[in-house]
Amino acid sequence: MTLVANVLLVGLSLFLGLRLLRQYLTRPRPHTLYYAIGLLLTALAATPELYFELAGTVPTLLWWLYWASASSLVGFLAVGTAYLMSPRFGKIMLVAVILTTVWVTVASVLTAGGGPGDLGFKSAPSAMIKIPFLIQNIGGSLVILIGAVISFIHTRGLYAILIALGTMVFAAGGSAAGLMKYGEIFAFTQTVGILLLYSGVVLSLKPAGSKAGGGSPERAAD
């Protein structure tokens, strides 16, 4: 079941990320771009886990790829929400996410890819990886949730609720997997979170006054 869950997660996040990227090229909006990057990073983060399920081991390059992408994916999703709140805040968040991504990437390379062992990828090998990982995941989740609440207050848009729910399910997946000792729940909760988040972003692109999407998200940033 873990293999099936990871295949589903990789395929779905890649497909939806590319769809959002295509929508960005058609109708450029900064939040669409960074939500797309976040979903594509989700696919990158799930790929080493899929490889581990198939081969029982992970090459050093994929070990580095996992920690860099798993750390930054929530951060880039948060950048998307920050741009919905304010272009200036979006730029500040982008700089912060880039810096912490460089931090965790360098730390991963210096760790030299010791391999996941029996714990898979659920435990970071060093504090230098754990610290930026937690900063991006906790800080990013808070930004997304607060941004969704503010957007809903200003626009009464359904998209804000979907983005918030998607983020909570997405972020809760790792904790639930650790508490329940049931690895499959991680990939499945990530998948559900991605579907909710994607639905919210699509609604946010609808014109102002749309019945389903509520007011335009750009209005919340004014």
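# Exercises on an all-helix model

Of the contacts in the protein between residues at least 6 apart in sequence, 73% join residues at least 24 apart, where contact means heavy atoms within 4.5 Å. This is a predicted model, in which local features need pLDDT of at least 70 and side-chain atom pairs count only at pLDDT 80 or more, while totals for chains, interfaces and linings use all residues. Residues are numbered from 1 along each chain as its sequence is written, and side-chain values use heavy atoms, with hydrogens and water left out.

## Exercise 1: Elements and burial

Task: state how many helices and strands the protein has, and what percentage of its residues is buried.

Solution.
Step 1. There are 8 helices and 0 strands. Helices (H or I, at least four residues) and strands (E, at least two) are DSSP runs, numbered from the N terminus.
Step 2. Read from the N terminus, the order of elements is α-α-α-α-α-α-α-α.
Step 3. The protein has 222 residues, and 49% of them are buried. Buried means under 20% relative accessible area, exposed over 50%, and partly exposed in between (1.4 Å probe, protein chains only).

## Exercise 2: The nonpolar core

Task: find the size of the largest nonpolar core and the helix that gives the largest share of it.

Solution.
Step 1. A nonpolar core is a set of buried Ala, Val, Leu, Ile, Met, Phe, Trp, Tyr and Cys residues joined through side-chain atoms within 4.5 Å.
Step 2. The largest such core has 47 residues, and those with the most contacts inside it are Leu20, Tyr34, Tyr35, Leu39, Val79, Met93 and Ile163.
Step 3. Two or more residues come from each of helix H1 (2-26), helix H2 (30-55), helix H3 (60-85), helix H4 (87-111), helix H5 (127-155), helix H6 (158-180) and helix H7 (184-204).
Step 4. H3 gives the largest share of this core, 14 residues.
Step 5. Take Leu20 as an example: apart from neighbours within four places in sequence, Leu20 is in contact with Thr32, Tyr35, Ala36, Leu39, Tyr198 and Val201.

## Exercise 3: Aromatic pairs

Task: say how many aromatic pairs the whole structure holds, and decide why the rings of Tyr34 and Phe76 count as stacked.

Solution.
Step 1. Rings of Phe, Tyr and Trp (its six-membered ring) pair if their centres lie within 6.5 Å; planes under 30 degrees apart count as stacked, over 60 as edge-to-face and the rest as tilted.
Step 2. The search finds 2 aromatic pairs.
Step 3. For Tyr34 and Phe76 the ring centres are 6.4 Å apart and the planes stand at 15°, so this pair is stacked. Tyr34 belongs to helix H2 and Phe76 to helix H3, 42 residues apart.
Step 4. For Tyr34 and Tyr83 the centres are 5.5 Å apart and the planes stand at 10°, so this pair is stacked. Because Tyr34 lies in helix H2 and Tyr83 in helix H3, the pair ties together parts 49 residues apart in sequence.
Step 5. Tyr34, Phe76 and Tyr83 form one aromatic cluster. Tyr34 counts as buried at 12% relative accessibility, Tyr83 is buried at 15%, and Phe76 is buried.

## Exercise 4: Helix packing

Task: classify H2 with H3 and H3 with H5 as roughly parallel or roughly antiparallel.

Solution.
Step 1. Axes are lines fitted to C-alpha atoms, for helices over the stretch in contact, and angles run from 0 to 180 degrees between N-to-C directions.
Step 2. Angles under 35 degrees count as roughly parallel, over 145 as roughly antiparallel, 65 to 115 as roughly perpendicular and the rest as oblique.
Step 3. H2 and H3 pack at about 160°, with their axes 7 Å apart. These two helices are therefore roughly antiparallel.
Step 4. The axes of H3 and H5 come within 8 Å and cross at roughly 25°. H3 is therefore roughly parallel to H5.
Step 5. Residues making the H3 and H5 contact include Trp67, Ala70 and Gly75 of H3, and Phe133, Gly140 and Ile144 of H5.

## Exercise 5: Two leucines

Task: decide whether Leu44 and Leu162 are buried, partly exposed or exposed.

Solution.
Step 1. Leu44 lies in helix H2 and is partly exposed, with a relative accessible area of 38%.
Step 2. Not counting residues up to four places away in sequence, Leu44 touches Leu65 and Ser69.
Step 3. Leu162 lies in helix H6 and is buried, with a relative accessible area of 15%.
Step 4. The C-alpha atoms of Leu162 and Val201 are 8.4 Å apart, although 39 residues separate the two along the chain.
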